[in-house]
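User: I'm new to this one. Can you walk me through it?

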Amino acid sequence: MAAAARPALKRALPSLRSSTFLPRQQQPQCHHHVPTSRRSLSTTPSHRNDTQPTTPSDEETHFGFSTVTTSQKRALVASVFTSVADSYDKMNDLMSFGWHRIWKDHFVSTLNPGFSPLSSTSPTSPQHILDIAGGTGDIAFRLLHHAHTVNSNPNVKVTISDINRAMLSVGKSRSAALPASQQAALSFVEANAEDLRKTRPLTPILSQTEQTFFDPATATSGLEDDSVDLYTVAFGIRNFSDIPAALAEAYRVLKPGGVFACLEFSKADKHPLFNSVYKEWSFRAIPLIGQLVAGDRDSYQYLVESIERFPRQEEFRDLIKGAGFRVSGDGGWEDLTGGVAAIHRGMKPRE
Ligand SMILES: C[S@@+](CC[C@H](N)C(=O)[O-])C[C@H]1O[C@@H](n2cnc3c(N)ncnc32)[C@H](O)[C@@H]1O
């Protein structure tokens with residue numbers, strides 16, 4: 001799909017750079033960031049119709065360093081992930097030197113899925129986990145493994161949801177390697193994180209010209225209020241067009257006492273020397289690696305710009321609080337690798 005989405009992104013980007021969007025010289029002076037969680041490349045079908053806006057929303061937002069409307073951003077983000085889907089896992093390892101695996105393992109083990117301190121008499125109490133922007137399944141598979149194997153709780157079910165069918169389809173294929181009991185506890189759902197009232201089960205991609213991102217007009221179901229015990233989102237939220245809307249949806253679908261948990265790139269600027277090396281690597285090496293390995297420089301340029309654009313730890317913590325969550329701990333987040341990534345958590349109050 002890469003071949004298809006790449007030209008679409010290339011067609012769209014020049015117009016972004018040159019029209020109402022920020023001139024290059026006015027763009028933030030950020031060069032570089034560390035990547036880690038995406039892999040881009042792509043190789044699937046070819047001409048997918050991923051640049052068609054799907055909603056009439058015209059609020060301004062950012063696509064990397066460009067200013068776009070929310071509907072444009074959705075279409076552009078769709079193009080990026082359609083383009084990178086097939087090489088996402090490989091590129092992630094390459095760009096992060098494997099660090100994304102360590103962060104993801106840590107993220108999941110600190111959440112300890114399958115264990116319920118409130119039901120210590122019934123350690124196998126059912127849990128519904130929703131992994132949003134789940135992509136190719138890295139987090140969902142770890143959650144299931146931890147719950148079923150580490151905590152011996154077979155009553156944990158994970159819904160892996162993403163706006164992009166191409167990414168989910170790769171995840172679905174990968175899930176075939178999981179034990180049968182874990183496959184049975186996993187479901188794949190197409191949805192925009194900003195409106196979880198409209199979802200549908202993953203549908204196969206039948207043709208190379210097909211749109212690969214979720215069209216809410218085709219929804220057949222939706223996630224109910226107070227229905228989820230744990231909501232996870234890893235390396236996804238910075239791609240959303242409307243982060244407060246997604247946080248409001250997280251709050252809506254979580255049960256009282258349920259936990260919102262986010263793993264995302266963040267700011268490492270408390271350590272200036274390290275930070276400058278990290279940014280050099282991000283802005284110089286990542287797009288180049290994307291070009292050489294995945295044949296897709298633009299998508300990787302977006303990925304590093306989107307990291308730079310994402311709010312710093314305190315600001316994001318405040319957005320989470322603003323959605324109604326209670327946060328705890330030192331400031332409400334945990335820095336990983338000096339702040340290159342951070343874990344934020346919030347609890348939906350019981351009352
Ligand atoms: C970098 S990948 C992360 C995948 C996975 N969570 C991981 O850590 O490997 C980001 C994912 O966010 C998804 N995404 C972007 N915007 C979205 C939205 N509005 N709603 C749901 N998913 C979205 C993309 O399709 C992509 O699969």
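Predicted model: local features only at pLDDT ≥ 70, side-chain atom pairs only at ≥ 80, totals over all residues.

Analyst: Residues are numbered from 1 along each chain as its sequence is written.

User: How many helices and strands does the protein have?

Analyst: Eleven helices and ten strands. Helices (H or I, at least four residues) and strands (E, at least two) are DSSP runs, numbered from the N terminus.

User: Which residues of H4 are buried?

Analyst: His100, Trp103, Lys104, Phe107, Val108 and Leu111. Buried means 20 or more other C-beta atoms within 10 Å of a residue's own, exposed 12 or fewer, and partly exposed in between, with C-beta atoms placed from the backbone. Seen down the axis of H4, the buried residues fall within an arc of 125° (taken from the directions from the helix axis to the C-beta atoms), so they line one face of the helix.

User: What is on the face turned away from the buried side of H4?

Analyst: The exposed residues Ser109 and Thr110.

User: New topic. What is the strand order in the open sheet?

Analyst: The eight strands run E6-E5-E4-E3-E7-E8-E10-E9, with mixed pairing. Strands pair if DSSP finds at least two bridges between them. E6 (195–201) and E9 are the edge strands, each pairing on one side only.

User: How many bridges join E3 to E4?

Analyst: Six, and these strands run parallel. Histidine 128 has lysine 157 in E4 as its bridge partner.
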